[in-house]
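This briefing is meant to be read with the sequence and the model open side by side.

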Amino acid sequence: MENRVAAVSMRGITKTFGKTVANKNVSIDIYRGEILSLLGENGSGKTTLMNMLSGIYLPDAGQILVDGKEAAIRSPKDALDLGIGMIHQHFKLVDVMTATENIVLGLKEEKYDLKESSRKIREICDRYGFDLNPEQKIYDMTVSQKQTVEIVKVLYRKADILILDEPTAVLTPQETERLFDVLRNMRKDNKAVVIITHKLNEVLEISDQVDILRSGEFIGSLKTSETNVQEMTDMMVGRAVELNIDRPQPQNVEPRLVISNLTVKSEDGITKLDDVSFTANAGEILGIAGISNSGQKELLEAIAGLQPTEHGDISYVPHDGPQESLIGKDPLDIQRMGISLSFVPEDRLGMGLVANMDLTDNMMLRSFRKGRRRTVDRATPRKVAQDVVDQLEVATPGLTTPVRRLSGGNVQKVLVGREIASAPSVLLTAYAVRGLDINSSYAIYDLMNKQKERGVAVIYVGEDLDVLLQLADRILVLCGGKVSGILDGRTTDKYEVGLLMTSLGGGEAK
Amino acid sequence: MKESGKGPRVHITKRPEISKAQAFLIRAVALVLAIVVCAVVTYLLTGDDPGSVFKTIWEGSFGSSRRTWVLLQNVSILLIISLAMAPAFRMRFWNIGGEGQVMIGVLATASCMIMLSGKVPEPALIFIEIAAAVVAGAIWAAIPAFFKSRWNTNETLFTLMMNYVATQLVAYFIIIWESPRGSGKIGIINQSTQAGWLPQIGQYKYLLTVIVAAVLTVFIYIYMNYGKHGYELAVVGESERTAKYVGIKVGRVIIRTMLLSGAICGLAGALMVAGTDHTMTTTLAGGRGFTAVMVAWMAKFNPLGMIFTSFLLAFLQKGAGEVATQFGLNQSFSDILSSIIIFFLIGCEFFIQYRFVFRKEAK
């Protein structure tokens, strides 16, 4: 086994961007017929390393050997000529074209014959078990289907070394399962597959070998069959990590938000939420589970005043005083009613923050209207920003750095930090730890718990059932826009939640 | 195979952050290079001594105190129009209708001067004509803004079309008010009574315009960088979804900002008609509504930077005209020179963003 030639060997690779060292003397081997996981926290240099293999960047130092021969990879085309193809996190597809058109786009070597190309694409799909209609337009596709197009595109170009950058970040558990089946088929076909990830359960499930990077340095290579989550975490983080999530007993529980018979339709008339009723309590974390696009986004946005509702009611119940309806109120109205409602949206840089503005100006988003003067007060938000940076340990060069330059985890800390800074009575969060590394994720869970102990009604929309089951006091399961069930987080299990996610009421009632 | 293991000889990479001083140095080098290229081109094409051509360009602007004042007036008007563009551009609202917004202000001022002359007291006339220009400009700009906020129409095409409408309206009224009859133009309005003419400060005919430009520069600078409105429009420009998320009324901000833009353009029109030119022609704006787009962009919408860019462009234009007359060259030659300089100044931005990396020879 150890004598075979590696499909790709990267030797002593170093890459710097200005003063930042992204990779420092990294050496890894990729073998055919194997799935390799490249594991590391955000900013550990995984993607940079693979970008050098796929011709996006040039290494500052080091060698790349393909099948034992030294290779110069100066462009993605060079990489493809060597059989190396990479599927990036952000898809590069033309929306108005079909899958086939996108796949053959830019190919000069063969005749332009869409029928023939579609036939070849079907062949590839059959071989590996992809589910793809070559004639479908990209704008009609789900994220998972778009990803399939990207993978087939690379295979169509005869790549036999495939690199996937965090392929499961955008997929539901079911879609992930399907992708893994495809990857296993590729392994059977003697292809070399690399997946960049920071999800440990996936590493264990799919890969044969795992290479771990930390702060741009190579830490070690393990056989997946001989390791476990704790060992990998410790190597990845660089110290022993506590992997349990706290769940303090709720105190002083009282209704804070009462949703009754809420129905929401999308702009094109599709029912997104159907007769949803529940109560969110102060001092409790209400977890919301459901397969993606089951109405989670619409629910949170309706509460936050960003989504028009068809009928039903959303009422805020203050600690003392009469309850008030939030229907027909926009975020500004809600603020003016004296309700401190915080919302951490799924789209952090596109909705929660302004990517090109610095930390101070982003802190100001919620509070800039304060005061009668026509000019803004930057002193207070600057102080808030400094507090958030100090308390949540945000890694940033300074308060005047645009948030787009921060890593995903730090962006999220800034956003959550701002939302918590306004001392909310209701905190809505959507996929608060998506794309975050272990350290940042645990920091966020911790913040959720602190808010709960402060008497905040926390609504936590999550995708990782293991986390929901450890963190939430109650779990509301959505299925196709309807409430499929509300469970006690302490007594339920993954199986029960999963059943409710896929069929209304768990398939028993109705 | 061994030699193929290296990277290409030269490749381009993005620079890490660059200091302000470094960026300034790059721009200065670009300007020097531009002048050198201009000199070479001048010599090759005309055989004239480049030195004397440059001297003429300089004298075109600073040759006499009158010329200097004319330059300052030109810079001021260009700067005022550019200041009007800046907030809209920061909001990513591509208003290229400055020309039309100025022209409608010109028309409003001229019509007040012509129709109300002698009917209302002088101070009232001045107040009315300026107010009319400001309101007309604001309305002209708010129309595309309204359509944009309501039906998401394309503001670039819309504002562009509004330019033609405004210019044709001016042409129409020139025929109606032509004087003397049959000349096809309006002479000096109220030449004998000077009704509606803006007062002259001391002996300086153009000083008022310069002062207005200076005040507006400070105002827009504060408005955009320290004002709540400025902050709101920046958020809208960066991300409409974020704006909605924090309860900013996007449509209202778009219309409000364009009302301001249009009002300032209208004011520029009033300053030209009532302050300096005292007549109305279809070419009074003279393309400055478009030049202002360049001024604003080159300064990255920073009002203070726009003082320099508007000065540079006005200076080049003046100098170019002077070269053409002094050397008996046609106007196009001077345009070539200004284009070379602008090319270098815009082109150097590339070197501020990127750098070339040369392969180190193997040891």
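**Briefing on chains A and B**

Ser52(B) is found in helix H2 of chain B, which covers residues 50-62. The model is predicted. Ser52(B) is partly exposed, because 14 other C-beta atoms lie within 10 Å, between the limits of 12 or fewer for exposed and 20 or more for buried. From Ser52(B) to Gly184(B) the separation is 132 residues in sequence and 40 Å in space, C-alpha to C-alpha.

**Chain B overall**

- Chain B has 13 helices and two strands.
- The C-alpha trace of chain B spans about 90 × 60 × 35 Å along its principal axes.
- Of the 363 residues in chain B, 43% are buried.
- When contacts in chain B between residues at least 6 apart in sequence are taken, 78% join residues at least 24 apart.

- Helix H4 of chain B runs over residues 98-116, and its 19 residues should span 27 Å at 1.5 Å a residue. The end C-alpha atoms of H4(B) are 27 Å apart, which agrees with that expectation.
- H4(B) is largely enclosed by the rest of the structure, because 16 of its 19 residues are buried.
- Gly118(B) follows H4(B) and has a positive phi, near 85°.
- The axes of H4(B) and helix H5 of chain B (residues 122-151) come within 8 Å and cross at roughly 150°. Angles over 145 degrees count as roughly antiparallel, so H4(B) and H5(B) are roughly antiparallel to each other.
- The crossing in which H4(B) passes H5(B) is right-handed.
- On the H4(B) side, the residues that meet H5(B) include Gly100(B), Ile104(B), Ala108(B), Cys112(B) and Leu116(B). Among their counterparts in H5(B) are Leu125(B), Glu129(B), Ala133(B), Gly137(B) and Trp140(B).
- The contact of H4(B) with H5(B) has twelve nonpolar residues, five polar and one charged.

**Helices H7 and H10 of chain B**

- Helix H7 (residues 207-226) and helix H10 (residues 250-277) of chain B have axes that come within 10 Å and cross at roughly 165°.
- H7(B) and H10(B) are therefore roughly antiparallel to each other, and their crossing is right-handed.
- Leu208(B), Thr209(B), Val212(B) and Leu216(B) are the H7(B) residues that meet H10(B), where the partners are Ile264(B), Leu271(B), Gly275(B) and Thr276(B).
- By class, five residues of the contact of H7(B) with H10(B) are nonpolar and three are polar, with no charged residues.

- Phe301(B) is not a glycine, yet its phi is positive, about 65°. Phe301(B) sits in the loop between helix H11 (288-298) and helix H12 (303-326) of chain B. Phe301(B) counts as buried because 22 other C-beta atoms lie within 10 Å.
- Lys158(A), a residue other than glycine, has a positive phi near 65°. The loop that holds Lys158(A) lies between helix H5 (143-156) and strand E7 (161-165) of chain A. With 10 C-beta neighbours inside 10 Å, Lys158(A) is exposed.

**Contact between chains A and B**

- The contact takes 31 residues from chain A and 22 residues from chain B.
- On the side of chain A that touches chain B, the elements giving two or more residues are strand E5 (69-70), helix H10 (331-336) and helix H11 (348-352) of chain A.
- That side of chain A divides by class into 16 nonpolar, seven polar and eight charged residues.

Definitions and conventions:
Residues numbered from 1 in each chain as written. Chains lettered and ligands numbered in written order. Predicted model: local features only at pLDDT ≥ 70, side-chain atom pairs only at ≥ 80, totals over all residues. Helix = DSSP H or I, 4+ residues; strand = E, 2+ residues; numbered from the N terminus. Contact = placed C-beta atoms within 7 Å. Nonpolar A, V, L, I, M, F, W, Y, C, P; charged D, E, K, R; others polar. Expected span 1.5 Å × (residues − 1). Axes fitted to C-alpha atoms, helices over the stretch in contact; angles between N-to-C directions. Parallel < 35°, antiparallel > 145°, perpendicular 65-115°, else oblique. Left-handed = near helix turned anticlockwise from the far one by under 90°.
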